[in-house]
Amino acid sequence: MDQIVDLDEADQGSTYRQQPFAEDALLPLTDFISRLPGVKPRKTRTLIMDGDLLSKDERRDIFLRSDSMYDTVYVVGPDAAAAILKAYRAGVLPMDRGEVVQETPLADQYLENADVLRAQIAERRRKHAAVNDISLVEERDFLDNRLLDRIFWKHAGKGEATLTLAGIDVTKSLRGYPTNSGKNTDYEVSFHWIGSDGQRRTSGTGKPSAAFNRRNDADRNWGLHE
């Protein structure tokens, strides 16, 4: 019988461990501004976001940290960061009274990783485009349950289904757990496939909180409305 390998137990050298782009490499815009000594942070941010300090391409290098509708944090890529730093050194950013342009070792340090940051941005944009164009999906994307779920919703609807991604058949499974009131159901989402290494693999969101309530426990499931 084939062994089912959970992603957390995958070999260090496998496809599923090759994640060269750290998700926290990109700085929030406010954090980058804080690395510029003496500037007025709010006025500087307003000038960057609403003024004509940056070109259209440079402005595109500032974007929301995630696709979540609840995330309002903007991160700054190296091209926009370099333009902001240039403006700081030219003395065109709003400064606190009595402050002057100084050395910027922390901002310089961020820009030293420009190539890594550009690679991460390209990877994020590939993933974003892959939701609509599944030919862009790579096997390592199977680590990203949220991305997989968005892809399945887009191309197979909300239920269980199988899609061929990166040449591999991936199956989405659902298990429902009703709430104690019985009026709603929370779902555990899991994905299953045979990887390019020949191993059967599975990943998923894990059990929702409703899985541990009384209605879903045979020993405690009494006195509830049916």
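In α4, the buried residues are P78, A80, A81, A83, I84, L85, A87 and Y88, where buried means under 20% relative accessible area, exposed over 50% and partly exposed in between (1.4 Å probe, protein chains only). An α-helix has 3.6 residues a turn, so residues three or four places apart point the same way. Helix α4 has twelve residues and spans 16 Å from its first C-alpha to its last, close to the 16 Å expected at 1.5 Å a residue; the expected span is 1.5 Å times one less than the number of residues. After α4 comes G91, with a positive phi near 75°.

The model is predicted: local features need pLDDT of at least 70, side-chain atom pairs count only at pLDDT 80 or more, and totals for chains, interfaces and linings use all residues. Residues are numbered from 1 along each chain as its sequence is written, and side-chain values use heavy atoms, with hydrogens and water left out.

The protein has seven helices and eight strands, taken as DSSP runs numbered from the N terminus (helices H or I, at least four residues; strands E, at least two). Of its 226 residues, 35% are buried. Among contacts (heavy atoms within 4.5 Å) between residues at least 6 apart in sequence, 50% join residues at least 24 apart. The protein exposes about 13,800 Å², of which carbon and sulfur atoms supply 48%; the areas come from the Shrake-Rupley method with a 1.4 Å probe, and for residues only the protein chains shown count as cover.

The largest nonpolar core has 27 residues, and L29, F32, L36, I62, V76, I84 and Y110 have the most contacts inside it. Such a core is a set of buried Ala, Val, Leu, Ile, Met, Phe, Trp, Tyr and Cys residues joined through side-chain atoms within 4.5 Å. At least two residues of this core come from each of α1 (29–33), α2 (41–50), β3 (62–64), β4 (74–76), α4 (78–89), α5 (105–111) and α6 (114–130). Helix α4 gives the most, with seven residues. Leaving out residues up to four places away in sequence, L29 touches R45, I48, M49, I62, Y74, V75, V76 and I84.

The structure holds three aromatic pairs. Rings of Phe, Tyr and Trp (its six-membered ring) pair if their centres lie within 6.5 Å; planes under 30 degrees apart count as stacked, over 60 as edge-to-face and the rest as tilted. One of the pairs is F142 with W193, edge-to-face at 5.0 Å centre to centre and 70° between the planes. F142 lies in the loop between α6 and α7 (145–156) and W193 in strand β7 (residues 185–194), 51 residues apart. F142 is buried at 0% relative accessible area, and W193 at 4%. F152 and F191 form a tilted pair, 5.5 Å centre to centre with 45° between the planes. Because F152 lies in helix α7 and F191 in strand β7, this pair ties together parts 39 residues apart in sequence.

Two arginines make polar contacts with aspartates. R65 sits in the loop between β3 and β4 and is partly exposed, at 40% relative accessible area. Its side chain is joined to that of D71 by a polar contact of 3.0 Å, meaning a pair of N or O atoms within 3.5 Å; within protein, one must be able to donate a hydrogen and the other to accept it, and residues adjacent in sequence count only if both atoms are side-chain atoms. R201, in strand β8 (residues 200–204), is buried at 4% relative accessibility, and its side chain makes a polar contact with that of D197 (2.3 Å).
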